[in-house]
Amino acid sequence: MPELPDVALYLRALDRRIVGQRVEGFHVRSMSVLRTYQPPHTEVVGRTVVGLRRIGKRIVWELDEDQLFLVIHLMVAGRLRWHDRPGVKPPAKVGLAAWDFPGSTLVLTEQGSKRRAGIWVVSGEEDLAAQDRGGLEPLEISSSKFSEAIRRRNHTLKRALTSPAILSGIGHAYSDEILWEARLSPVKMTSRLTDEESERLHQAVIGVLTSWIERLAAETGDRWPTRVTAFRPEMAVHGKYGAPCPRCCAPVQRIVYSSNETNYCAACQTGGKLLADRSLSRLLKQDWPKTLEELEELRSGP
């Protein structure tokens, strides 16, 4: 799922292409992508985009007159494609919608069979505020506000970082990188977080998100971002199961649950303790290795 740095990249690319431009057409291929019906989506046509903003992982267009807003949530597999020619239609299998601008087209696509991406057309700041899950902006809050938010409820650090009701815009990928940078276990409970650990986590949030925003902007330049992904070879641990930790060279571990996984370095983050993988720990039960040493013995066999 595109997270804060990825959405910031899209906003940067959109700013130089659609702000000040008139929406000349709005074509919807899959009506399921429309999550609101009043105002109708056709109200967008003929309006000029006067500003952009981000609400969590949502991209918001501000349109002229009557405080009309268009909101796009890409969810897991939604992506935006830019074409320097008008009249491009959404592709048959993956296309959801397209917006015509003078001499160009923006297309929303979504890979896979599940249609999760959504478009909302809302009128007024009050209705727009309903899109906000309430999480604080992680790059805009003080250390004390961060500590207060993260400790308000007793969650694991992984859940606290990725909850849109606590912090805005952080998902599975960047939370893995943040926790690795902070040298903290993803399953450590927020109630057990010391003041020093909370400050370290806050600094890791700022450092990781800021560095990735800058890195992605430098990589893309003036081009349209075509490589928006949760898995990047430059990442330290996310998606790197089995690869050597770039800090200590111990193999990166994972916790698998549902369709997601959490990646971490046991040596750097959990004092060498392996966190139980739900599927494997059910299989191995009492034989589940508790340390990296036990894991190596299990892998090497008798």
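Trainee: How much of the protein counts as buried?
Mentor: Of its 302 residues, 50% are buried, meaning under 20% relative accessible area with a 1.4 Å probe and protein chains only, while exposed is over 50% and partly exposed lies in between. Keep in mind that this is a predicted model, where local features need pLDDT of at least 70, side-chain atom pairs count only at pLDDT 80 or more, and totals for chains, interfaces and linings use all residues. Residues are numbered from 1 along each chain as its sequence is written, and side-chain values use heavy atoms, with hydrogens and water left out.

Trainee: And what secondary structure does the protein have?
Mentor: There are 9 helices and 10 strands. These are DSSP runs numbered from the N terminus: helices are H or I with at least four residues, strands E with at least two.

Trainee: Let's take a helix. Is α5 enclosed or open?
Mentor: Helix α5, residues 172-182, is largely enclosed by the rest of the structure, because 9 of its 11 residues are buried. Among them are Y174, D176, E177 and W180.

Trainee: What covers those buried residues?
Mentor: The cover includes α1 (4-18), α4 (157-162), α6 (195-220), β10 (260-264) and α7 (266-269), with contact meaning heavy atoms within 4.5 Å.

Trainee: What follows α5?
Mentor: R183 does, and its phi is positive, near 60°.

Trainee: OK, strands now. How many residues of β4 are buried?
Mentor: 6 of its 6.

Trainee: Which strands does β4 pair with?
Mentor: β4 (residues 68-73) runs antiparallel to β8 and is joined to it by 6 bridges. Another 6 bridges join β4 to β3 (residues 58-63), also antiparallel. Pairing requires that DSSP finds at least two bridges between two strands.

Trainee: Which residues face each other there?
Mentor: On the β8 side, I72 stands opposite I119 and V71 opposite W120. R58 has H73 in β4 as its bridge partner.

Trainee: Anything in the turn between β3 and β4?
Mentor: That hairpin has 4 residues between the strands, and E65 takes a positive phi near 70°.

Trainee: Is β8 covered or exposed?
Mentor: Mostly covered: 5 of the 6 residues in β8 (residues 118-123) are buried.

Trainee: Last one, what box do the C-alpha atoms fill?
Mentor: Roughly 70 × 40 × 35 Å along the principal axes.
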